[in-house]
Amino acid sequence: MSNASLTLRRLGPDTLPDFATLLVTPPHGWCWCVAWETPDWEGWEDRSEKDNRCLRKTLWGAGPYHGRIFYLDDRPVAWCRVGPRTAWPKLCATFDLEPVDSVYAFVCFGIAGSHRGQGLMHQAMALALRDLAAEGVEEVEGFPRKKSLTNRLDPGEVWMGPARLFSAAGFEIVETRDTVLHMRRRIVNGRS
């Protein structure tokens, strides 16, 4: 585990260039973090990197941004997308969830390849939870792949976060689906 200390900034107009820098690094370049932004999964695999990049730029123009960028020595090295369920109708439809503002969902994680395997995502999760608590969020959830609880997967397979990351941060399994775990954690008394 790295002794380096991360800092966090919320995703917004001033951090979009940093986010874009991270999104073009493999394996993230094709998706542009829009998987949960399209109406449904039909045709998802047929979308091009250009289609996704254009959608991302359109979404940036509309806001809100829902996410956090993590920095090491003032350089962006990782991100997570997290926000109220209502921000992602496709997520709610996919997992048959009520679209509410009171429950926040982690929907995407990414880290620059040069910084993988150093424990930085655990620091990032702790920072994100602390920031969400400061925002008044009381309940958060994630949807990691079930096999990531016991197996190390390719970075492209754990874009919704590895189950071990959620488990180490105190998330508990609410439901097991075919290939995905629905995990949740309460933030008690506004503390992470």
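**Helix H4**

I began with the length of helix H4, residues 120–135, in this predicted model. At 1.5 Å a residue its 16 residues should span 22 Å, and I found the end C-alpha atoms 22 Å apart, which agrees. I then listed the buried positions of H4: Leu120, Met121, Gln123, Ala124, Met125, Leu127, Ala128, Leu129, Asp131, Leu132 and Ala133. Just after H4, I noted that Gly136 takes a positive phi of about 95 degrees.

I next examined strand S5, residues 139–142. Glu139 and Glu141 point one way, Val140 and Gly142 point the other way, and all are buried. I recall that side chains in a regular strand alternate between the two faces of the sheet.

I looked up both pairings of S5. With strand S4, residues 103–111, S5 pairs in the parallel sense over three bridges; Ala105 stands opposite Glu141 there. With strand S7, residues 181–186, S5 runs antiparallel and is joined by four bridges; the bridge partner of Val140 in S7 is Arg185.

I traced the strand order as S1-S2-S3-S4-S5-S7-S6, an open sheet of seven strands with mixed pairing. Strands S1 (7–10) and S6 (172–176) stand at the edges; each has a single partner strand, so one side of each is left without a neighbour in the sheet. I recorded an average twist of 30 degrees from one strand to the next.

I then turned to strand S3, residues 75–84, which pairs with S4 in the antiparallel sense over seven bridges. Within this pairing, Arg81 stands opposite Cys108 in S4. Helix H1, residues 16–23, packs on the sheet and touches S1, S2 (68–72) and S3. I noted that the direction of H1 makes about 105 degrees with that of S3.

**The whole protein**

I counted five helices and seven strands. From the N terminus on, I read the elements as β-α-α-β-β-α-β-α-β-α-β-β. Of the 192 residues, 48% count as buried. The protein exposes about 9,500 Å², and carbon and sulfur atoms supply 50% of that area. Finally, I looked up the sequence separation of the contacts: among those with a separation of 6 or more, residues 24 or more positions apart account for 61%.

Terms used:
Residues numbered from 1 in each chain as written. Predicted model: local features only at pLDDT ≥ 70, side-chain atom pairs only at ≥ 80, totals over all residues. Heavy atoms only, no water. Helix = DSSP H or I, 4+ residues; strand = E, 2+ residues; numbered from the N terminus. Expected span 1.5 Å × (residues − 1). Buried < 20%, exposed > 50% of the residue type's maximum accessible area, 1.4 Å probe, protein only. Contact = heavy atoms within 4.5 Å. Areas by Shrake-Rupley, 256 points an atom, 1.4 Å probe, with all protein chains shown as cover. Pairing = 2+ DSSP bridges. Axes fitted to C-alpha atoms, helices over the stretch in contact; angles between N-to-C directions.
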